[in-house]
Amino acid sequence: MRIIKRVLRILFKIMIVLREEFGIIIVQSLPSRLGGSFIKKYFLVNNGAKIGKNISIDKEVLIRNPEHLMIGDNVVISFGVIITAAGGVEIGADVLIGYGAKVLSANHRVPGIKQTIKSAGHMYKKVVIEDDVWIGAGSIVLPGVKIGKGAIVAAGAVVTKDVSSFVYVAGIPARIIKKRMVD
């Protein structure tokens with residue numbers, strides 16, 4: 001009887017994991033239109049995310065560890081974006097995240113020479129994207145970075161350090177190329 005109970009518990013755990021994985025696959029394939037964003041928001045909130053109003057989440061967006069994710073109002077997350085929120089990700093209001101961008105709050109540790117890379121484990125650092133930020137297509141925001149209000153990250157940039165408010169950054173690694181001007 002104990003063996004049967006143990007087997008049933010293991011099968012139940014496997015079913016939960018499969019349900020979650022299939023749920024993620026189904027939800028991420030929905031378009032942002034026709035209620036897709038609403039369903040995605042509902043799925044994320046039920047998995048611990050805190051999400052504001054008027055959110056648009058396009059197809060093929062992958063969000064890991066939503067329990068550590070906060071998104072403000074009026075945010076657009078475009079096709080193919082990847083967000084790993086294990087270290088915490090806060091996205092302010094009125095933010096645009098372009099096609100294929102990556103926001104990463106976790107990464108592998110770099111070990112000493114006596115340890116293998118695989119066994120070194122992970123490091124987790126919160127990413128903060130303040131209000132009115134535009135993250136360009138294909139850019140990468142690395143763990144521990146804070147992007148200031150009104151900043152623009154150029155397409156393809158790799159953000160390795162904090163970004164000041166109201167500046168354009170570009171390149172690998174991203175550097176300030178100019179400040180936003182008053183209209």
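Tutor: First, a definition: two strands pair if DSSP finds at least two bridges between them. Helices (H or I, at least four residues) and strands (E, at least two) are DSSP runs, numbered from the N terminus. The model is predicted: local features need pLDDT of at least 70, side-chain atom pairs count only at pLDDT 80 or more, and totals for chains, interfaces and linings use all residues. Residues are numbered from 1 along each chain as its sequence is written, and side-chain values use heavy atoms, leaving out hydrogens and water.

Student: What is the order of the five strands in the open sheet?

Tutor: The order is 1-4-7-12-15, with parallel pairing. Strand 1 (50-51) and strand 15 (146-147) are the edges: each has a single partner strand, so one side of each lacks a neighbour in the sheet.

Student: How do you know that strand 12 and strand 15 pair?

Tutor: Two bridges link strand 12 (residues 127-129) to strand 15, in the parallel sense. The definition asks for at least two, so they pair. I129 has I147 of strand 15 as its bridge partner.

Student: Which residues of helix 2 are called buried?

Tutor: In helix 2 (residues 36-46), they are G36, S37, K40 and L44. Buried means under 20% relative accessible area, exposed over 50%, partly exposed in between (1.4 Å probe, protein chains only).

Student: What makes them one face of the helix?

Tutor: Seen down the axis of helix 2, the buried residues fall within an arc of 95°, so they line one face. The arc is that of the directions from the helix axis to the C-beta atoms. On the other side, F38 and Y42 are exposed.
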